[in-house]
Amino acid sequence: MLIKTKLAKFKRQYLRIFIPLAIKLIAMLLLFFSAKLIIDIGGLNIYGSYSQSLTLLMLFISLSSLGFAQSFIRKASGLSLERKIKLYNIQHRITFTNSILLFPLFSLILYYGIGQSLASTLVLSLVFLLISSQRIRFSYLRTSRFVRIAELPDMIIRHLIFIILLIFIGFQFEFQLHIILGFALFGAFIFQFIIDSRLGLIK
């Protein structure tokens with residue numbers, strides 16, 4: 001009985017460590033492969049411009065959350081499920097409101113600062129509005145029973161969708177690459193909802 005208890009405890013600890021590490025390792029490989037695909041198809045210039053736009057997108061997603069992604073984990077600790085969902089809904093609405101306010105600035109920087117085409121600017125701006133709550137949704141999963149796979153949507157699912165679309169559809173112009181990115185990000189967004197439907201698609 002004692003041996004079985006120790007084995008069960010070891011298994012739980014092993015899974016707690018192994019699953020997040022496996023997700024990170026696979027994500028690194030997928031990221032490398034997706035970068036290689038972009039360079040092979042479009043060249044280094046396209047990849048550089050794409051990286052700039054993606055970095056800006058992630059920056060504005062962080063700005064729209066106002067640090068809620070970090071504070072949610074601290075505040076949700078010890079809360080009942082009902083109160084945690086209520087806190088999530090409040091912060092989700094504030095994040096989306098912030099994204100609407102930041103939308104014009106994000107679009108202007110894309111178009112005039114980075115020099116993206118009008119088509120790419122429209123695509124990326126729409127993606128920004130749709131997935132601006134990405135970080136707060138991730139934080140919710142981090143405090144739920146799905147903590148071990150909380151990173152799965154953004155680190156695995158997004159890259160898998162992106163690579164599959166690149167292989168089977170490809171792109172000729174950069175705005176088409178941004179459309180593929182948009183589908184990948186929204187796919188990860190949907191997968192978060194599949195993991196826990198309490199997140200909702202629209203709040």
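A crossing of two helices is left-handed if the near helix is turned anticlockwise from the far one by less than a right angle, and right-handed if clockwise. By that convention, helix H3 crosses helix H4 in a right-handed sense, and H4 likewise passes helix H6 in a right-handed crossing. The model is predicted, so that local features need pLDDT of at least 70 and side-chain atom pairs count only at pLDDT 80 or more, while totals for chains, interfaces and linings use all residues. Residues are numbered from 1 along each chain as its sequence is written, and side-chain values use heavy atoms, with hydrogens and water left out.

**Packing of H3 and H4**

- Helix H3 (residues 68-76) packs on helix H4 (residues 81-114) at an angle of about 165°, the two axes lying 11 Å apart; helices (H or I, at least four residues) are DSSP runs, numbered from the N terminus, and axes are lines fitted to C-alpha atoms over the stretch in contact, with angles running from 0 to 180 degrees between N-to-C directions.
- That angle makes H3 roughly antiparallel to H4, a term that applies to angles over 145 degrees.
- On the H3 side the contact (heavy atoms within 4.5 Å) is made by Phe68, Ser71, Phe72, Lys75 and Ala76, and on the H4 side by Lys84, Leu87, Tyr88, Gln91, Ile94 and Thr95.
- Sorted by class, this contact of H3 with H4 has six nonpolar, three polar and two charged residues, where Ala, Val, Leu, Ile, Met, Phe, Trp, Tyr, Cys and Pro count as nonpolar, Asp, Glu, Lys and Arg as charged, and the others, Gly among them, as polar.

**Packing of H4 and H6**

- The axes of H4 and helix H6 (residues 134-142) come within 9 Å and cross at roughly 165°, and H4 and H6 are therefore roughly antiparallel to each other.
- H4 contributes Leu81, Lys84, Ile85, Tyr88, Gln91, His92 and Thr95 to the contact, and H6 contributes Ile136, Arg137 and Tyr140.
- The contact of H4 with H6 has five nonpolar, three polar and two charged residues.

- A search of the whole structure finds one cavity of 30 Å³ or more, a cavity being a set of points, on a 1 Å grid over the protein atoms alone, where a 1.4 Å probe fits but cannot get out.
- The largest cavity holds about 40 Å³ of space, and its lining residues (an atom within 4 Å of a point) are Ile131, Gln134, Pro153, Asp154, Leu185, Ala188, Phe189 and Gln192.
- Helix H7 (152-168) and helix H8 (174-195) are the elements that give two or more residues to this lining, and the largest share, four residues, comes from H8.

Technical notes:
Parallel < 35°, antiparallel > 145°, perpendicular 65-115°, else oblique. 1 Å grid on protein atoms, 1.4 Å probe; cavity = no way out; pocket = protein on both sides within 12 Å on 5 of 7 lines; lining within 4 Å. Points joined across faces, edges and corners; volume = space filled by probe spheres on them.
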